[in-house]
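Okay, thanks for coming, everyone. Let me put the structure up, and then I'll walk you through a helix, some aromatic rings and a strand.

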Amino acid sequence: MKKVVTVLLSLLLLFYFSCKKQRSSKKIYIGTSATYPPFEYKVGHELRGFDIELASLIGKELDKDIEIQDMQFGALLLALQNQKIDAVLASVTITPERTKSFDFSIPYFMDELTVVYKEGNPILSAEALQWKKVGCQLGTTMEIWLKNRLPTSQIHAMDDNSPLIEALKAHQIDAVLLGKSQAQEFCQRNSGLSSRVIASAPDGYGIVLRKGSPLLSEFNRAVNNLEAKGELKRLAQKWVATSSL
């Protein structure tokens, strides 16, 4: 009798852990940094934005549960490397340097490097940023671009662009370098600010994965399907002031 009970308990435990494994295998953990409106930001405790809705749509395409984890932008790639998350969806520009260490999905949005300035002190070209105090988000393409293209500029990098905009309004810095979509968002929210595109970002935003991740083909399939259905264009029209799609 004891032997029968032991066998039954073993089978129940096996069934339990099997179900648990199946449930977890259906969930994808995605990291984001909710400091980049209109792509990812918070209203109270709720995550909103283009990328947040895109993550939900990808989950439906793949029949997977999506759990989004919010963290500082500079911590996202490390969390991905350490397998704390499965992917990063946070307006990450595809660059040759990044593709050496990570896989990227096909681009889901094309943006441009844009400088935000006070209307009384216009900055109309990249060259005009030389020797200027320029703010940018820490660890982004903007920071890399400034270091490589304009080493004479004084870079002020922070985890969040919002305090940089406040510093600009307070005349503590001369400009903030952003993606075009976010630059337009900040200019709409803050009177007295204007923006100008100063460089292209031809590779666009992609979803970041670990090298060799089996999710790469699934994410590419989902993005392709969403583009074919017109969903990417709809997201751009809904969330972005001026769509580049």
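So, let's start with helix α2. Eleven of its 13 residues are buried, so the rest of the structure largely encloses this helix. Before I go on, keep in mind that this is a predicted model.

Which residues of α2 are the buried ones? They are Phe 50, Asp 51, Ile 52, Glu 53, Leu 54, Ala 55, Leu 57, Ile 58, Gly 59, Glu 61 and Leu 62. You'll see that Asp 51, Glu 53 and Glu 61 are on that buried list, along with Leu 54 and Ile 58.

How about the length? Just past the end of α2, Asp 63 takes a positive phi of about 55°.

Now, Phe 50 takes us to the aromatics. Phe 50 belongs to one aromatic cluster, together with Tyr 36, Phe 39, Tyr 108, Phe 109 and Tyr 205. Across the structure, there are nine aromatic pairs. Take Tyr 36 and Phe 39: their ring centres are 6.4 Å apart and the planes meet at 40°, so we call that pair tilted. Are those two buried or exposed? Tyr 36 is buried, at a relative accessible area of 6%, and Phe 39 is buried as well, at 0%.

Then there's Phe 109 with Tyr 205. Here the ring centres are 6.0 Å apart and the planes are at 25°; stacked means under 30 degrees, so this pair counts as stacked. What does the pair tie together? Phe 109 is in strand β8, residues 109–118, and Tyr 205 is in strand β12, residues 193–210, so the contact links parts that are 96 residues apart in sequence. Both Phe 109 and Tyr 205 are buried.

Let's stay with β8 for a moment. Eight of its ten residues are buried, so this strand, too, is largely enclosed by the rest of the structure. And what does β8 pair with? Four bridges join β8 to strand β11, residues 175–179, and the two run antiparallel.

One last stop, with a charge and a ring. Arg 189 lies over the face of Tyr 41, at 6.0 Å from the ring centre.

That's my tour. Happy to take questions.

Notes. Residues are numbered from 1 along each chain as its sequence is written. This is a predicted model: local features need pLDDT of at least 70, side-chain atom pairs count only at pLDDT 80 or more; totals for chains, interfaces and linings use all residues. Side-chain values use heavy atoms; hydrogens and water are left out. Rings of Phe, Tyr and Trp (its six-membered ring) pair if their centres lie within 6.5 Å; planes under 30 degrees apart count as stacked, over 60 as edge-to-face and the rest as tilted. Buried means under 20% relative accessible area, exposed over 50%, partly exposed in between (1.4 Å probe, protein chains only). A charge sits over a ring if NZ of Lys or CZ of Arg is within 6 Å of the ring centre and within 35 degrees of the ring normal. Two strands pair if DSSP finds at least two bridges between them.
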